[in-house]
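Here is a briefing on one protein chain. Look over its sequence and structure first, then read the points below.

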Amino acid sequence: MSKVNPIQAIKANIQCQCGTVKGSIDSPSALRFVCYSKDCRGYYNALNALAKNAGKPEAAALDPFGGCDFTQIYPCEITIREGQDQLETRLIRKNSPIPRTYAKCCFTPLFSTGGTGAALLNSNLLSAWDQHCEVKYRIIGRHALKGDGSIPKPSMSWSVPFGWFFAMPKRCQPDKAQPSPVEVKDIKELKLLEGFVEGK
């Protein structure tokens with residue numbers, strides 16, 4: 001199979017695991033990467049714990065090495081059409097610069113936003129498109145899990161690759177932060193996510 005340009009247009013419908021929250025993505029320029037940081041893994045672990053406590057199936061999928069698969073687009077490219085009342089935005093710790101939004105109906109991670117103008121979408125919401133787009137970067141590999149040995153560990157950066165410093169600043173576009181799928185008037189007023197601890 002020939003390689004696909006890792007920066008490409010996407011136009012797709014998305015929904016949370018239980019189908020209550022529905023929306024769409026329309027982006028002319030999307031970039032996929034996997035983050036192995038303890039913060040991202042801890043966030044997904046906390047959502048899965050909340051789901052389990054509520055008697056629901058886990059909805060925050062990690063890769064075999066504890067990575068979170070993200071597609072970087074912009075807030076103005078995300079439209080929520082149903083279930084707006086089920087959107088919950090939290091911080092993982094006090095003074096965090098990243099508001100993270102999930103569907104409280106089933107604890108599916110949806111996206112995160114921040115002051116850079118970028119949005120990180122849970123790539124698992126884009127299953128059909130996701131199968132045809134290669135991962136551009138695998139970052140914070142020093143925090144990756146060892147895995148169970150059933151599949152080879154993919155190549156990943158100890159921190160971030162050199163090319164990250166050239167590509168990502170160009171993709172920070174504050175003018176695309178609005179309209180946003182969620183309104184955060186004051187990030188300092190956001191509640192902390194219950195049960196968050198750094199991923200092991």
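Leucine 190 sits in the segment after α3. Leucine 190 is buried, at a relative accessible area of 18%. Buried means under 20% relative accessible area, exposed means over 50%, and partly exposed lies in between (1.4 Å probe, protein chains only).

This is a predicted model: local features need pLDDT of at least 70, side-chain atom pairs count only at pLDDT 80 or more, and totals for chains, interfaces and linings use all residues. Residues are numbered from 1 along each chain as its sequence is written, and side-chain values use heavy atoms, with hydrogens and water left out.

**Leucine 190 and its surroundings**

- Leucine 190 touches Thr89, Leu91, Pro99 and Val184, leaving aside residues up to four places away in sequence.
- Contact here means heavy atoms within 4.5 Å.
- Leucine 190 and proline 57 are 133 residues apart in sequence. In space, leucine 190 and proline 57 are 26 Å apart, C-alpha to C-alpha.

**The overall fold**

- The protein chain has 3 helices and 9 strands.
- Helices (H or I, at least four residues) and strands (E, at least two) are DSSP runs, numbered from the N terminus.
- Starting at the N terminus, the order of elements is β-β-α-β-β-β-β-β-β-α-β-α.
- The radius of gyration of the protein chain is 16 Å, close to the 16 Å that the globule rule gives for 200 residues, so the chain is as compact as a globular protein of that length.
- That radius is taken over C-alpha atoms, and the globule rule is 2.2 Å times the number of residues to the power 0.38.
- Along the principal axes, the C-alpha atoms fill a box of roughly 40 × 35 × 30 Å.
- Of the 200 residues, 48% count as buried.
- Take the contacts between residues at least 6 apart in sequence: 71% of them join residues at least 24 apart.

**The nonpolar cores**

- In soluble globular proteins, nonpolar side chains tend to be buried together.
- A nonpolar core is a set of buried Ala, Val, Leu, Ile, Met, Phe, Trp, Tyr and Cys residues joined through side-chain atoms within 4.5 Å.
- The largest core has 23 residues. Phe33, Leu47 and Leu193 have the most contacts inside this core.
- Two or more residues of this core come from each of β2 (22-35), α1 (38-53), β3 (68-73), β9 and α3.
- Helix α1 gives the most, with 7 residues.
- Which residues does leucine 193 touch, not counting residues up to four places away in sequence? Leucine 193 touches Tyr43, Ala46, Leu47, Leu50, Arg90, Leu91 and Tyr102.
- A second, separate core has 20 residues, including Ile10, Ile14, Cys16 and Ile73.

**Salt bridges**

- A salt bridge is a side-chain nitrogen of Lys or Arg within 4 Å of a carboxyl oxygen of Asp or Glu.
- The whole structure holds 6 salt bridges.
- Arginine 93 and aspartate 39 form one of them, at 2.8 Å from N to O.
- This pair links distant parts of the chain, 54 residues apart. Arginine 93 is in the loop between β5 (87-90) and β6 (100-103), and aspartate 39 is in helix α1.
- Arginine 93 counts as partly exposed, at 31% relative accessibility. Aspartate 39 also counts as partly exposed, at 23%.
- Glutamate 198 meets arginine 93 in another salt bridge, at 3.6 Å from N to O.
- Glutamate 198 lies in the segment after α3 and arginine 93 in the loop between β5 and β6, so this pair ties together parts that are 105 residues apart in sequence.
- Glutamate 198 is partly exposed, with a relative accessible area of 41%.
- Shared partners join Asp39, Arg93 and Glu198 into one salt-bridge network.
- Lysine 104 forms a salt bridge with glutamate 88, with the closest N and O atoms 3.8 Å apart.
- This pair also links distant parts of the chain: lysine 104 is in the loop between β6 and β7 (108-113), and glutamate 88 is in strand β5, 16 residues apart.
- Lysine 104 counts as partly exposed at 37% relative accessibility, whereas glutamate 88 counts as buried at 18%.

**The surface**

- The accessible surface of the protein chain is about 10,600 Å², and 53% of it belongs to carbon and sulfur atoms.
- Accessible areas come from the Shrake-Rupley method with a 1.4 Å probe; for residues, only the protein chains shown count as cover.
- Phenylalanine 162 lies in the loop between β9 (137-139) and α3 (164-170). Phenylalanine 162 is exposed, at a relative accessible area of 65%.
- Phe162, Phe165 and Phe166 form a nonpolar surface patch, with about 400 Å² of accessible area together.
- Patches are made of residues with over 30% relative accessible area and no salt bridge: like charges are joined within 9 Å, nonpolar side chains (Val, Leu, Ile, Met, Phe, Trp, Tyr) within 5 Å.
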